[in-house]
Amino acid sequence: MSSVLEHDPGQDESRQAQVVDFQKRMLSHLTHTVGKGKITATERDWYHVAALTVRDLLVERWMESVRTVYANDYKRVYYLSLEFLLGRSLVNNLLASDRFDICREAMGDLGLDVDVIAAQEPEAALGNGGLGRLAACLLDSMAAVGIPGYGYGIRYDYGMFSQYIGEDGQQLEMPDDWLRYGNRWEFPRPELTFPVRFYGRVEQTSDERGRRQVRWLDTDEVSAMAYDQLVAGYGRGMVNNIRLWAARSLEFDLKVFNRGDYIDAVRQQQRAASLSRVLYPDDSTFDGKTLRLKQEYFFVSASLQDIVRRFRSTHENLQMLPYKVAIQLNDTHPAIAVAELMRILMDDSGLEWPEAWDITVRTFSYTNHTLMPEALETWPVSLFEVLLPRHLQIIYEINYQFLDEVRRRFPGDHDLIRRVSLIDEGGERRVRMAHLAFVGSHRVNGVAQLHTTLMKSGTFADLHRIFPQRIVNQTNGITPRRWLNQCNRPLAQLITDKIGHGWARDLRELRRLERFADDPEFRKAFRQVKRRNKERLAQVAAGRLGLAIDPDSLFDVQVKRIHEYKRQLLNVLHVIARYNRLKADPSGGLVPRTVVFAGKAASGYAMAKLIIRLVNDVAERINNDPAVGDRLKVMFLPNYNVSLAEIIIPAADVSQQISTAGTEASGTGNMKLALNGALTVGTRDGANIEIADEVGEDNVFFFGLTADQVGAMRAQQYDPWMYYEGNPVLRQVLDQIRDGAFSSGERTLYRPIFDLLTRHGDHYLLLADFADYLACQGRVDALYRQEEEWTRRAILNTVRMGRFSSDLTVQGYAAEIWGLEPIPLPVGG
């Protein structure tokens with residue numbers, strides 16, 4: 001983005017010098033790193049050259065940041081996450097370092113288009129959905145506001161799969177070989193490796209003073225090798241980094257190889273490498289479960305060994321660890337870290353249990369991301385016994401000490417003991433990882449006000465009773481650098497023209513634009529920006545799907561992971577009902593609408609994949625019906641990722657956030673869409689409530705049951721069949737799905753969906769919310785006909801979203817959870 005600054009003639013010379021310097025650096029890398037000349041260089045080569053040039057510039061800031069942190073002994077934050085959904089880095093880093101226009105000019109002089117070159121970057125396949133994207137936003141904001149931090153995760157070879165849609169509308173999964181051409185942003189650290197152990201046995205002895213000593217023996221070992229990738233803070237911010245671990249075999253068995261047994265010689269290497277091969281392996285089998293748990297322990301063990309190593313390089317007393325180290329567990333995937341740190345402190349460092357436990361609890365904090373009991377991670381005790389025997393011992397001891405305290409405080413409450421135990425004794429004995437994370441942390445946070453309230457009253461009610469000060473709220477946020485400044489440059493420029501560029505560092509500055517919501521000229525410019533973004537999405541739809549869509553139609557968007565609780569199926573029911581209404585009354589006056597779906601279903605999630613197929617079959621029927629024409633179009637854009645989100649979100653008129661109330665922890669897609677001027681159609685769930693508090697309830701469209709009403713309805717034995725029989729519009733839609741109207745001759749293909757909603761309980765209450773959802777869509781149509789009023793409300797959504805900057809989120813974490821203050825910026829200045 002161009003910055004709007006007062007013009008200084010001296011800046012022209014300085015700028016030109018920067019352009020020349022940038023171009024010289026690029027040409028040097030082309031020759032000396034890529035090994036090509038301008039004649040033979042491909043667009044991909046130029047991308048590599050540009051990435052290396054920007055990385056060089058960031059390294060200088062990174063070194064200064066590292067020196068400053070060490071010199072002042074600042075406390076560091078370590079963010080442990082199985083996912084980091086980073087997106088492409090080139091444009092993001094150019095904007096962060098204020099070199100986008102310089103790069104564009106330097107490339108232009110070479111006959112290159114920066115947008116074309118940037119599109120050559122493969123997207124880092126290190127996450128799926130909101131969990132990984134939140135992690136990326138928080139790291140961006142830590143660097144921007146001056147919080148020294150590391151992200152720790154796994155360097156997946158393939159990460160999340162690439163999604164394709166077959167001719168029959170089904171999701172197909174293919175490996176995402178995002179590292180095929182290398183990753184120019186990373187620094188391999190072959191000198192920085194840690195052994196990670198599995199299996200084996202535990203031996204207990206006593207030293208000469210009678211103190212118990214524990215050794216974990218006869219283990220299988222793999223090596224974790226570090227790869228660093230920079231995270232640039234915007235403008236004058238610091239540069240932090242993500243450290244990702246790749247699994248390697250400790251050694252190659254040359255003797256076996258020389259005997260001619262080549263397969264066995266490499267089998268150990270292949271087995272080790274599988275730990276960092278794929279994100280979320282299918283865990284429906286025992287082998288899959290084993291691999292998943294091994295992945296979690298692999299990255300946790302390597303990360304904690306690295307954290308303790310770094311701490312001990314400058315501090316001798318481990319009692320200081322909580323004062324210099326804050327470790328945030330992003331969901332339950334890294335929860336085994338509680339037991340691993342205890343092992344390191346006791347077995348490797350010789351601390352006694354009370355001291356080690358005190359240090360551990362004061363060091364860890366845990367972010368919960370789900371209220372659904374079935375989604376809270378548990379592992380069979382039998383698997384722990386074999387795979388991590390020492391850690392199971394530690395978990396048993398944590399549980400013993402914890403339950404002993406509970407018995408003293410709540411004598412005779414045996415049912416409470418059963419409910420809060422770290423071991424679920426019902427049926428197959430299982431380790432409750434959320435309980436482990438909760439008990440082993442000094443703070444546990446929800447990610448929206450409603451979510452945090454429901455944690456206290458529902459999912460973690462017993463633990464909240466025992467630890468009444470432990471649960472706090474930190475509502476999720478998004479980085480305005482990627483989700484406005486980068487993905488919606490026309491809107492960013494319109495904003496900057498009015499109020500300057502300070503909003504990219506403090507999103508609350510957008511409130512200064514509120515008066516322009518009533519300015520006809522500004523509204524016109526805002527509409528022109530939206531139209532331009534819709535035209536861009538229409539080009540994508542034409543190129544990828546061969547589908548012509550009208551940019552003047554209302555763009556109705558639901559983009560997120562495909563899951564029953566997110567209720568893409570409710571959206572489909574409305575689409576079919578709308579189609580039926582258009583067929584029955586072509587002159588009924590419905591607003592032309594383009595309904596956009598995107599998202600991946602987990603490879604083993606049959607119902608979610610069937611919903612994707614239904615969306616595509618409904619789209620095929622509607623899009624090819626001449627009786628409907630351009631009044632209704634439906635599209636499912638495959639392989640949803642950050643780059644595709646950056647195209648869809650700026651084009652959206654309506655943001656569908658329709659999860660069953662009480663199931664969505666927060667959501668961040670709702671924030672991104674509202675920031676880009678989409679009006680929310682949603683339930684009172686997650687952060688939707690807080691968004692409405694900020695932008696005004698008149699500027700969102702709420703419908704459906706509240707979380708309390710959902711609970712009451714379920715308690716009263718909710719009967720979906722009553723809604724099916726009592727609503728003719730709904731009955732027609734469901735009968736069409738059941739009877740094969742959208743299944744190309746396979747009459748029973750979608751019968752499972754009909755049965756799910758009518759005979760199998762409709763767990764997420766789609767039928768109960770259907771009538772109100774349709775009425776809500778009617779209100780959407782009515783407002784969209786009022787162009788000026790719709791635009792006014794869209795502007796108010798954008799300018800009132802400052803509270804949801806992830807900069808404010810990390811500042812809240814720093815003050816209430818991590819116990820630190822951001823360091824003065826600029827670093828070293």
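The views below are drawn from a predicted model.

**Figure 1. Packing of helix H20 with helix H21.** Helix H20 covers residues 489-499 and helix H21 covers residues 520-545. Their axes come within 9 Å and cross at roughly 160°. Angles over 145 degrees count as roughly antiparallel, and H20 and H21 are therefore roughly antiparallel to each other. On the H20 side, the residues in contact are Pro490, Leu491, Leu494 and Lys498. They meet Phe522, Ala525, Phe526, Val529, Arg532 and Asn533 in H21. Sorted by class, this contact of H20 with H21 contains 7 nonpolar, 1 polar and 2 charged residues.

**Figure 2. Packing of helix H11 with helix H12.** Two packed helices are described by the angle between their axes and the distance between the axes. For H11 (residues 337-348) and H12 (residues 353-363), the axes come within 9 Å and the crossing angle is roughly 140°. The two helices are therefore oblique to each other. The crossing of H11 past H12 is right-handed. H11 contributes Val338, Leu341, Met342, Leu345 and Met346 to the contact. H12 contributes Trp353, Ala356, Trp357, Ile359, Thr360 and Thr363. The residues in the contact of H11 with H12 comprise 9 nonpolar and 2 polar, with no charged residues.

**Figure 3. Packing of helix H29 with helix H30.** H29 spans residues 728-739 and H30 spans residues 751-758. They pack at an angle of about 140°, with their axes 7 Å apart. That angle makes H29 oblique to H30. The crossing of these two helices, H29 and H30, is left-handed. From H29, the contact involves Leu734, Asp735, Ile737 and Arg738. From H30, Arg751, Ile753, Phe754, Leu757 and Thr758 take part. The contact of H29 with H30 divides into 5 nonpolar, 1 polar and 3 charged residues.

**Figure 4. The largest cavity and its lining.** Rolling a probe the size of a water molecule over the atoms shows where empty space is left. The structure has 6 cavities of 30 Å³ or more, and the volume of the largest cavity is about 200 Å³. There are 17 residues lining the largest cavity. Leu86, Asn92, Ala136, Val231 and Arg482 are the lining residues that lie nearest its centre. Helix H3 (90-96), helix H6 (130-145) and strand E8 (220-232) each supply at least two residues of this lining. The lining of the largest cavity is made up of 7 nonpolar, 6 polar and 4 charged residues.

**Figure 5. The backbone at Asp73.** Asp73 is not a glycine, although its phi is positive, at about 55°. The residue sits in the loop between helix H2 (43-72) and strand E1 (76-80).

**Figure 6. The cis peptide bond between Leu825 and Pro826.** Omega for this bond is about 0°. Pro826 belongs to the segment after helix H33 (806-818).

Terms used: Residues are numbered from 1 along each chain as its sequence is written. This is a predicted model: local features need pLDDT of at least 70, side-chain atom pairs count only at pLDDT 80 or more; totals for chains, interfaces and linings use all residues. Side-chain values use heavy atoms; hydrogens and water are left out. Axes are lines fitted to C-alpha atoms, for helices over the stretch in contact, and angles run from 0 to 180 degrees between N-to-C directions. Helices (H or I, at least four residues) and strands (E, at least two) are DSSP runs, numbered from the N terminus. Angles under 35 degrees count as roughly parallel, over 145 as roughly antiparallel, 65 to 115 as roughly perpendicular and the rest as oblique. A crossing is left-handed if the near helix is turned anticlockwise from the far one by less than a right angle, and right-handed if clockwise. Contact means heavy atoms within 4.5 Å. Ala, Val, Leu, Ile, Met, Phe, Trp, Tyr, Cys and Pro count as nonpolar, Asp, Glu, Lys and Arg as charged, and the others, Gly among them, as polar. On a 1 Å grid over the protein atoms alone, a cavity is a set of points where a 1.4 Å probe fits but cannot get out, and a pocket is an open set with protein on both sides within 12 Å along at least five of seven lines; lining residues have an atom within 4 Å of a point. Grid points are joined across faces, edges and corners, and a volume is the space filled by probe spheres set on the points.
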